[in-house]
Amino acid sequence: APVAPDEPVNRETVTRATATALERAGLPPAMAPYLAAIAINEGILVPGTIARDYWSVGGVKAPGSGGSVTVPTREFINGQWVTENASFGRFNSMQEGLDGLAAFVRDSPRFGPVAQAAAKSGDYAGMIEGFRQKGYATDPAWTQKVVGIAQGLPTPSIPNAGATPPAAPSPPAAPGLPHIP
């Protein structure tokens with residue numbers, strides 16, 4: 001279920017909102033701890049960060065539901081940290097920001113194939129490393145940080161997960177023979 005605007009922002013609500021965003025984007029909600037970890041690594045739990053104040057998570061550079069915001073960002077370039085200004089999507093709620101992240105991951109020509117491969121294999125830690133290799137983050141320790149956070153997050157409960165699908169109907173009997181299911 002989506003997170004209501006008046007709910008507290010904590011690891012559980014971020015993970016739940018991420019699972020909802022993934023489901024809306026047609027990606028497996030089981031991926032939620034890993035995308036939630038991206039948001040947590042970017043500061044969604046900390047007031048005063050772009051992730052918390054503008055619900056801008058995951059480096060979404062396209063305008064969000066609330067337009068755009070330009071802020072200083074730290075990037076690791078040529079072996080050193082540099083600060084540069086960049087514009088990011090601004091969103092009106094945590095749920096909208098995480099919806100934007102899920103859509104970005106799904107639709108990106110660079111990251112979408114990585115997410116789709118992980119959706120099939122279930123290797124979400126590998127997905128995070130694949131994102132890094134495709135240029136998602138410049139911090140050389142990003143994969144370890146994000147995967148470490150993800151491993152400590154709750155796995156969202158997913159309705160009908162593990163349910164046995166209904167059996168396929170038996171084919172009709174050949175003419176003149178009794179139908180035996």
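The model is a predicted one, so local features need pLDDT of at least 70 and side-chain atom pairs count only at pLDDT 80 or more, while totals for chains, interfaces and linings use all residues. Residues are numbered from 1 along each chain as its sequence is written, and side-chain values use heavy atoms, with hydrogens and water left out.

The protein has 7 helices and 2 strands (DSSP runs numbered from the N terminus, with helices being H or I of at least four residues and strands being E of at least two). Read from the N terminus, the order of elements is α-α-α-β-β-α-α-α-α. Of the 181 residues, 39% are buried (buried is under 20% relative accessible area, exposed is over 50%, and partly exposed is in between, using a 1.4 Å probe and protein chains only). Taking contacts with a separation of 6 or more, 56% join residues 24 or more positions apart (a contact means heavy atoms within 4.5 Å).

Next up is S56, which sits in the loop between α3 (50–53) and β1 (68–77). S56 counts as buried because its relative accessibility is 4%. Its side chain reaches the backbone oxygen of G89 at 2.8 Å. G89 also turns up among the contacts of S56 once neighbours within four places in sequence are set aside, together with E42, I50, A51, F88 and F91.

As for charged pairs, a search of the whole structure turns up 5 salt bridges (a side-chain nitrogen of Lys or Arg within 4 Å of a carboxyl oxygen of Asp or Glu). One of them pairs R16 with E7, with the closest N and O atoms 2.5 Å apart. R16 is partly exposed, at 30% relative accessibility, and E7 is partly exposed too, at 26%. Another salt bridge links R106 to D107, where the closest N and O atoms are 2.6 Å apart; R106 is partly exposed at 30% relative accessibility. K145 and D139 also meet through their side chains in a salt bridge, at 2.5 Å from N to O. Here K145 is partly exposed, with a relative accessible area of 38%, whereas D139 is buried at 12%.

Definitions and conventions:
A polar contact is a pair of N or O atoms within 3.5 Å; within protein, one must be able to donate a hydrogen and the other to accept it, and residues adjacent in sequence count only if both atoms are side-chain atoms.
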